[in-house]
Amino acid sequence: MKPKRTLVMKIIKYIFFFVCLYIYIYNPILQIFGFGIIKLLLLLAFVYLFITKKILVVFMNFKKELLILILIVLFLIPTTLLRGDATAETVIYAHIVWFLEGIFIPVFFLYIFNDIFMRSNLNLLIIFASTFAALITLFLILNPNLNIIVRDEIIVDTLDMSVSEWDFRGFSFAESSSFIYGATQGLIICICFYMVSKSVFYILPVILLFISILFNARIGFAVVIMGVILMLAFRKINLFSFFIVIMLIFMVPYLNFSNFINNNDRSLEWGFSFFTDTFNLIFGLDSSGVSNYSILSDTMVFLPEKEINILFGEGRSVFDALGKDSDIGYINQIFIG
């Protein structure tokens, strides 16, 4: 009886671990709470570290990161908060959350799930969680009515805060399907490419991850491109396996999935336009002025007028601003400070 109980407890612990890991990576914002459920994980981590008195150890080991956080917040107070911009409190809050969630939760994981980390490869665990997220995306794509219910009644998706209709994208159970989710999946694809040299089976999740980016946030493809360039530069990628994956991905539109293609033609057209626009830009064919790159470069790339504000910002966001506005995160960071 004891070995059976041990096995059951081990299975329960692995399930609990993957639930926590999924929450940590994807942080779905549930309507019932009104905030990302990673906050519950942070609360659990804080309580554990406080009760076990390991919280002091955390602060002692991450003094440099704490100092950076304090300096950033002190810098942001005069550049944003005192100028009265609506985004000021959000920016300061985001940096504090970065420190808490980026350090407290991983340390909590290392204490609670130490035996799992000792037995398993961390990259494999992350890929497993991300593949599960991609399977959720695929299931929601194949069941669009269920996806509507998920977005309307279960999670908060930033796409639904827009005036435009975005029913052809936004298939996830995660925070910010239109940006963070896609970027995260792009990072996981890079990990898969890196791990292919250890096992060819790491190729398999890439197709699912590719689909999860294609139907949500094309910025993930930019992350993959940058990741591949870096891995090529440092010879950390298996070229043969990489080209096999690329060939498989570009074969997808030509496979006979007529019903799937017909049911998702807008999503596929929108997703694959990233590659069309990129190739046109590279080969000098982007003369229409209506591609994503043209819109970004012509209307959304600009800097503060005063040189001092290029260094210290204007304490405001220019996202969806009156007059000049920009959807480029880096431009907004410059203006905020």
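**View 1. Glu101 is buried, with a relative accessible area of 12%.** Buried here means under 20% relative accessible area, exposed means over 50%, and partly exposed lies in between (1.4 Å probe, protein chains only). Before you go on, note that this is a predicted model, in which local features need pLDDT of at least 70, side-chain atom pairs count only at pLDDT 80 or more, and totals for chains, interfaces and linings use all residues. Residues are numbered from 1 along each chain as its sequence is written, and side-chain values use heavy atoms, with hydrogens and water left out. Glu101 forms a salt bridge with Lys39, and their closest N and O atoms are 2.9 Å apart. A salt bridge is a side-chain nitrogen of Lys or Arg within 4 Å of a carboxyl oxygen of Asp or Glu. This pair links distant parts of the chain, with Lys39 in helix α2 (residues 38-51) and Glu101 in helix α5, 62 residues apart. Helices are DSSP runs (H or I, at least four residues), as are strands (E, at least two), and they are numbered from the N terminus.

**View 2. Salt bridges that share partners join Lys13, Asp115 and Arg119 into one network.** How many salt bridges does the structure hold? There are three. Side chains of opposite charge can pair when their charged atoms come close. In this view, Lys13 pairs with Asp115, their closest N and O atoms being 3.1 Å apart. Arg119 and Asp115 are both in helix α6, four residues apart, which is about one turn of the helix. Lys13 is partly exposed at 28% relative accessibility, Asp115 is partly exposed at 27%, and Arg119 is partly exposed at 47%.

**View 3. Phe17 and Phe113 form an edge-to-face aromatic pair.** A search of the whole structure finds 24 aromatic pairs. Rings of Phe, Tyr and Trp (its six-membered ring) pair if their centres lie within 6.5 Å; planes under 30 degrees apart count as stacked, over 60 as edge-to-face and the rest as tilted. For Phe17 and Phe113, the centres are 5.0 Å apart and the angle between the planes is 70°. Phe17 belongs to helix α1 (residues 2-26), while Phe113 is in the loop between α5 (88-112) and α6 (114-119), 96 residues away.

View 4. Lys54 lies over the face of Tyr111, at 4.9 Å from the ring centre. A charge sits over a ring if NZ of Lys or CZ of Arg is within 6 Å of the ring centre and within 35 degrees of the ring normal.

**View 5. Helix α17 (residues 329-336) has buried residues, and Gly337 follows it.** Among the buried residues are Ile331, Asn332 and Phe335. Gly337 has a positive phi, near 120°.
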